Amino acid sequence: MAETSASRPPSDLGAALPVVGKSDTKPTWCPGCGDFGVVAAVEMALKRLKIPSHNVVIVSGIGCSSNLPHFLSSYGFHGIHGRALPVAEGIRWANHGLTVIGTGGDGDGFGIGAGHFVHAMRRNVDLTYVTMDNQIYGLTTGQASPTSTLGQRTKSTPGGVIENPIDPIALALASGATYVARGFSGDVKQLADLVANGISHHGFAFVDVFSPCVTYNKINTFDFFRQRLYKLESAGHDPSDLTRAWQRALEWGDKIPVGLFYRTEKPTYEDLEEVLAAGPLALQTAGLRGKGSLLDEFV
Amino acid sequence: MGDIAVRFGGEAGDGIASIGESIARGFSRMGLHVFGFNAYQSVIRGGHVWFQARAAVDRVHSPGDGADILYALHKETVDIHAPSLRPGGTVVYDPEKFPVDASALPAGVHALAVPTLELARKYTTQSILQNAVGAGASAFLAGIPLELFQKVLADSFGRKAGEIVDWNLGASADGYHYAEQHASVNAHALPKAGAPKLLMTGNQAIALGAAAAGLKFLAQYPMTPASTIMHWLAAHSTELGVVVKQAEDELAAINMAIGASFGGVRSMTATSGGGFSLMVEALGMAGMTETPLVVVDSQRSGPSTGLPTKTEQGDLNLLLGAGQGEFPRAILAPANPAEAYRAMLDAFRLAEEWQTPVLVASDLHLSENHMTVDRDEIDLEVDVPSLFTVAPNGHGYLRYQYTESGVSPRAVPGQPGLQFVAGSDEHDERGHLISDVRAGVPHWVSERQRMMDKRMKKLHGLSAASPPPVLEGPADAPLTFVTWGSTVGAVRDARAELTARGRPTNLLYFPTVYPLDANAVTAAFARTHRTLLVEMNYSGQFGRLLRAETGITPTDRFLKYDGEPFLPHEIVARALEVM
């Protein structure tokens with residue numbers, strides 16, 4: 001392990017240092033849970049990009065999937081329900097030298113945290129947000145989620161869900177996300193590509209992942225998706241075409257697309273925040289020493 | 001007390017606050033101490049608003065009890081405020097707008113008719129310029145030299161040059177000379193007293209103190225009366241190198257601030273009680289993850305939306321109890337801008353040393369009103385230590401290591417070899433969750449208890465490191481005022497009045513509201529006789545805290561919750577009742 005002096009700031013000692021791998025904590029998910037595929041894909045993506053583990057922060061909220069930061073060897077922040085994105089944004093703005101990845105479930109991101117989801121995208125903060133969308137509340141033992149299917153019977157909706165589900169892809173397009181993708185935890189290779197490209201993308205990258213709950217969602221199973229999913233890239237979809245991305249986003253039923261819906265380049269929040277032009281905030285000087293002239297305005 | 005007070009009243013949108021501030025700044029540039037009191041409502045136009053600038057050679061701690069000069073922009077101002085004028089006072093008004101019946105004014109109060117609109121029409125048809133005429137006349141009556149007053153006005157326009165500045169200077173001089181020809185300077189007027197003083201609001205002092213303490217990131221959602229903290233920092237953002245983020249709501253604001261602190265910068269958020277209520281869950285997360293955080297709650301009258309533009313000290317119970325479960329916190333309560341500046345230095349120091357949230361309780365009265373500060377009370381030369389203080393020891397880094405003080409070494413993302421996960425779930429020394437599969441297993445039951453003990457014992461250190469209670473005045477006075485926060489100001493002015501009447505008292509107040517050092521507080525009370533609790537809420541929230549922590553109950557109480565700050569004469573009257 002590399003030595004560092006006590007006062008040494010984060011630096012790009014970089015490539016020689018260990019990249020992200022598994023931590024010594026074993027996942028606590030149910031056997032067969034879709035989230036195993038997601039953590040594997042995130043690990044593969046980070047390894048491929050050779051980002052040292054000390055320069056990665058994985059942030060989550062609360063829910064089964066939000067335990068993910070514990071299972072990798074990077075820095076992590078496992079916060080409270082629905083607030084992963086504001087914490088992740090704060091970390092990015094404190095040190096935009098870091099690679100920041102938000103993770104969580106559909107309840108966390110599209111239910112209690114929906115407001116933050118929309119605002120983080122319109123800001124185009126340069127972070128990657130991976131949602132493990134199982135269309136059910138798992139950790140609380142099986143209530144309807146914002147993406148549960150109309151009519152689905154759950155513990156909280158014994159007569160069937162009577163609200164229309166949120167379409168996270170359409171919501172992301174409407175909110176101005178600059179990288180909008182959907183993966184499937186049954187296809188780790190494609191998912192790792194989508195996550196790696198999302199991390200490399202300059203701007204907010206959203207990757208919604210069909211990540212089946214094998215315990216509480218008997219509708220949206222691995223088989224359900226295997227029978228319906230098709231790859232956008234195989235269908236010749238042009239991810240620079242917003243109009244076509246909208247059409248693909250609305251596809252649901254017998255054929256459901258996965259892959260990259262939309263990608264565009266826009267200035268990020270960090271690009272436009274003047275204070276950050278001087279480098280990561282955490283490495284800038286702080287305090288008002290020598291700035292006595294500030295008091296003149298109060299005379 | 002040798003003071004002079006100038007009051008301006010009119011409708012919202014009349015520009016009362018800006019001309020009021022110009023008089024206040026006229027006084028402060030004369031080297032006088034000033035309290036600038038701004039009374040307004042939650043409307044942008046209409047309603048009755050007023051501003052009072054009260055000045056004296058010694059520190060002015062409150063709006064005071066009366067006025068000497070009243071410039072009335074509408075008739076209701078005369079009806080409402082003329083009874084507050086002291087003998088020798090003057091009502092300035094424009095007879096073109098409304099008449100004033102001089103015989104109906106209090107004894108010894110004069111009416112001075114000034115043709116403000118007519119004089120302003122020399123320059124423009126825009127009626128707003130009448131203010132400059134009226135302010136000029138008021139400045140004459142208040143004994144503010146014309147040249148000094150005009151400099152204040154010119155400076156208030158900043159670098160904007162042109163006819164608007166010229167009109168204002170011309171119109172204010174016309175008003176000044178008109179008053180000079182038709183009236184004499186008020187008998188309470190004061191001469192220059194020395195070098196100009198700084199004049200700032202509590203919120204400006206809070207923002208300045210935060211920046212001096214090393215603030216690099218503020219996330220905030222607009223809410224009166226906390227918004228001007230964000231305004232000042234946003235206006236100085238690039239100059240100071242502070243990122244100011246207006247968040248989508250208070251939930252985001254506090255979570256962003258916690259993220260930024262975890263990410264390696266000093267951060268804070270500020271709000272009022274309604275927004276603070278939304279922050280409660282995340283506050284506990286800062287406590288649980290041991291992430292330093294400063295939160296300013298500028299209180300206003302509650303409950304719920306309450307009186308958005310009126311003051312109260314009604315959030316103390318909320319600040320004490322915010323968050324499920326238990327975690328260490330400190331609550332600081334500065335009394336005035338000079339103390340608010342220092343309280344922010346303390347807040348950041350404590351949050352960082354003890355890795356836990358520190359709350360600063362301001363209120364509308366402190367946050368939005370202007371007070372003078374001496375330059376030497378604001379020391380900007382504050383050391384801001386590096387946050388990169390931990391080195392890998394080769395044995396595996398323990399973010400939540402058990403220590404004597406309860407404080408563990410804190411790494412910052414980006415530091416190689418120190419990766420950890422900060423968890424809002426209960427966790428062990430490494431940050432690994434106890435909650436998932438280990439809760440209830442015998443070994444981990446005791447781990448949970450150890451980790452709680454580790455966090456909670458920081459409270460002892462916080463208590464010792466926080467500013468202690470302050471006793472002002474003679475030690476053996478027959479009456480001791482017991483108070484906190486901005487209410488200290490009116491009590492200080494009341495004490496001065498009582499002393500002048502041969503009734504000495506003293507004052508015990510609490511820059512740190514929590515944790516209270518029970519031994520120090522008990523010792524302080526041991527020498528008191530009658531004690532009068534003064535605070536701005538219905539139930540005496542600080543009194544309850546005091547009783548809970550020390551068993552002490554003040555002998556008498558004076559509580560107020562009408563939205564208006566305590567005035568010295570009210571406190572004097574109550575003190576004389578109980579003495």
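Mentor: We'll go through it topic by topic.

Trainee: What should I know before I start?
Mentor: This is a predicted model, where local features need pLDDT of at least 70 and side-chain atom pairs count only at pLDDT 80 or more, while totals for chains, interfaces and linings use all residues. Residues are numbered from 1 along each chain as its sequence is written, and chains are lettered from A and ligands numbered from 1 in the order in which they are written.

Trainee: OK, how many residues does each chain put into the contact?
Mentor: Chain A brings 62 residues and chain B brings 65 residues. Two residues are in contact if their C-beta atoms, placed from the backbone, lie within 7 Å.

Trainee: Which parts of chain A supply that side?
Mentor: Strand E2 (75–78), helix H2 (84–94) and helix H4 (114–123) of chain A each give at least two residues. The largest share, eight residues, is from H2(A). Helices (H or I, at least four residues) and strands (E, at least two) are DSSP runs, numbered from the N terminus.

Trainee: And what classes of residue are on the side of chain A that touches chain B?
Mentor: There are 31 nonpolar, 23 polar and eight charged residues. Here Ala, Val, Leu, Ile, Met, Phe, Trp, Tyr, Cys and Pro count as nonpolar, Asp, Glu, Lys and Arg as charged, and the others, Gly among them, as polar.

Trainee: What does E2(A) run parallel to?
Mentor: Strand E15 (residues 421–423) of chain B, with three bridges joining the two. A:Gly76 stands opposite B:Val421 there. Two strands pair if DSSP finds at least two bridges between them.

Trainee: Switching topic: how many residues are in the largest nonpolar core?
Mentor: It has 247 residues, and A:Val180, A:Phe206 and B:Phe217 have the most contacts inside it. Helix H13 (residues 337–354) of chain B gives the most to this core, 10 residues. A nonpolar core is a set of buried Ala, Val, Leu, Ile, Met, Phe, Trp, Tyr and Cys residues joined through C-beta atoms within 7 Å. A residue is buried if 20 or more other C-beta atoms lie within 10 Å of its own, exposed if 12 or fewer, and partly exposed in between, with C-beta atoms placed from the backbone.

Trainee: What is A:Val180 in contact with?
Mentor: Leaving aside neighbours within four places in sequence, its contacts include A:Ile169, A:Leu173, A:Phe206 and A:Phe261.

Trainee: What pairs with it?
Mentor: Strand E4 (residues 128–133) of chain A runs parallel to E6(A), joined by six bridges, and A:Asp133 stands opposite A:Phe210. Strand E5 (residues 179–184) of chain A also pairs with E6(A) in the parallel sense over six bridges, with A:Ala181 as the bridge partner of A:Val207.

Trainee: Which helix makes a β-α-β unit with E5(A) and E6(A)?
Mentor: Helix H6 (residues 188–200) of chain A, and the unit is right-handed. That means that, with the strands pointing away from the viewer, the path from the first strand over the helix to the second runs clockwise.

Trainee: How far does H6(A) reach?
Mentor: Its 13 residues reach 18 Å from first C-alpha to last, close to the 18 Å expected at 1.5 Å a residue. The expected span is 1.5 Å times one less than the number of residues. Among the buried residues of H6(A) are A:Leu191, A:Leu194 and A:Val195, and what covers the buried ones includes helix H1 (35–49) and strand E3 (99–105) of chain A.

Trainee: Back to chain B: is B:Val441 buried or exposed?
Mentor: Exposed, because B:Val441 has 10 C-beta neighbours inside 10 Å. B:Val441 is found in the loop between E15 and helix H15 (442–456) of chain B.

Trainee: And why does A:Ile256 count as partly exposed?
Mentor: Because A:Ile256 has 17 C-beta neighbours inside 10 Å. A:Ile256 is in strand E8 of chain A, and touches A:Arg228, A:Leu229 and A:Glu251, not counting residues up to four places away in sequence.
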